[in-house]
Amino acid sequence: MSSADPEEQRAASRESWENAADAWGRLAGRVREWGMPVSMAMIKSLALAPGERVLELAAGPGDTGFMAAELIRQPDGAAPASAAGAKLAPAVPPGTLISSDGAEAMIDVARQRARESGITNVEFRQLELEWIDLPTATVDAVLCRWGIMLIVDPEAAGREIRRVLVSGGRAALAVWDAPDKNPWATIPSSVMVELGHVQPPDPQGPGMFALAGDDRLSGLLEGSGFTDVEVSAVPLERRYLAVGQYVADTLELSPMFRSVYKELTDEEQAEVAARIAIGAQPFTASDGSLALPGSSLVARAIA
């Protein structure tokens, strides 16, 4: 862990995501689109069945969990019939998704998206990864996409995820792969460092790449008591019509980038945008559109 005060880190992180929720709601469709390969890999790895209870942590707009909700919902007409032809109570209880996030504003975004999508078998909870306020052994599966590497104590989160799962329950976690495999993220952050607007990230602190490479994710899960840990790399791509859209999306979706950028002068902001355009040139087509590659690690583990 970083030497910075943990409670200050947690408070700053919570505030930044509360403030970012509105933008994540506006761009939720785009986030869902480029994140779909990772969400699909996570859902497939869990082999969900109707009637199961699934917890999504750091859910953000909630789309990965909503995919699970469709699979665990008790199908219409699934109740067995009596000899008289009347339906009896379902043999399997209706499946439930618990969609949770540490930021209350993010939960509001997910709640609205569930309402718009007609998803009803979902409960919304404000939960922290490091201390999950649920009883022991009460969920069948846990999802967490791009959340656990951002917290102060991911090892504590691993133990908590293991605790709330039933014996034999499954967890699917996604973290970002190595920086050189994610230029969509490293181009803006590197520009900020090169221009002296931010310090290089603390390698011991929370951050996008805190669990990238070197078997860090599998080691965390095995150290938390999980077995049969499998980690695979899932490629994805982030497309933009022009570099201006790339910069605008980064401002909307990255709380850290936005907090620094908005304090710069107009000239400094223009220089940041110009440097980002130069960095993105290898991924820019003749019409000005961008196709930036990315890679996420997806782990499946058994409790």
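Guide: Happy to! This is a predicted model, where local features need pLDDT of at least 70, side-chain atom pairs count only at pLDDT 80 or more, and totals for chains, interfaces and linings use all residues. Residues are numbered from 1 along each chain as its sequence is written, and side-chain values use heavy atoms, leaving out hydrogens and water.

Visitor: In which sense do strands β2 and β3 pair?
Guide: Strands here are DSSP runs (E, at least two residues), and helices are runs of H or I, at least four residues, numbered from the N terminus. Two strands pair if DSSP finds at least two bridges between them. β2 (residues 96–101) and β3 (residues 122–126) have five bridges, and their sense is parallel.

Visitor: Which residue of β3 does I98 stand opposite?
Guide: Look across from I98 into β3. The residue there is E123.

Visitor: Is α1 roughly parallel or roughly perpendicular to α4?
Guide: Axes are lines fitted to C-alpha atoms, for helices over the stretch in contact, and angles run from 0 to 180 degrees between N-to-C directions. Angles under 35 degrees count as roughly parallel, over 145 as roughly antiparallel, 65 to 115 as roughly perpendicular and the rest as oblique. Helix α1 (residues 6–26) and helix α4 (residues 104–117) pack at about 20°, with axes 7 Å apart. That angle makes α1, relative to α4, roughly parallel.

Visitor: Which residues of α4 make the contact with α1?
Guide: Contact means heavy atoms within 4.5 Å. From α1 come W17, E18, A20, A21, W24 and G25. On the α4 side, the residues are E104, A105, M106 and V109.
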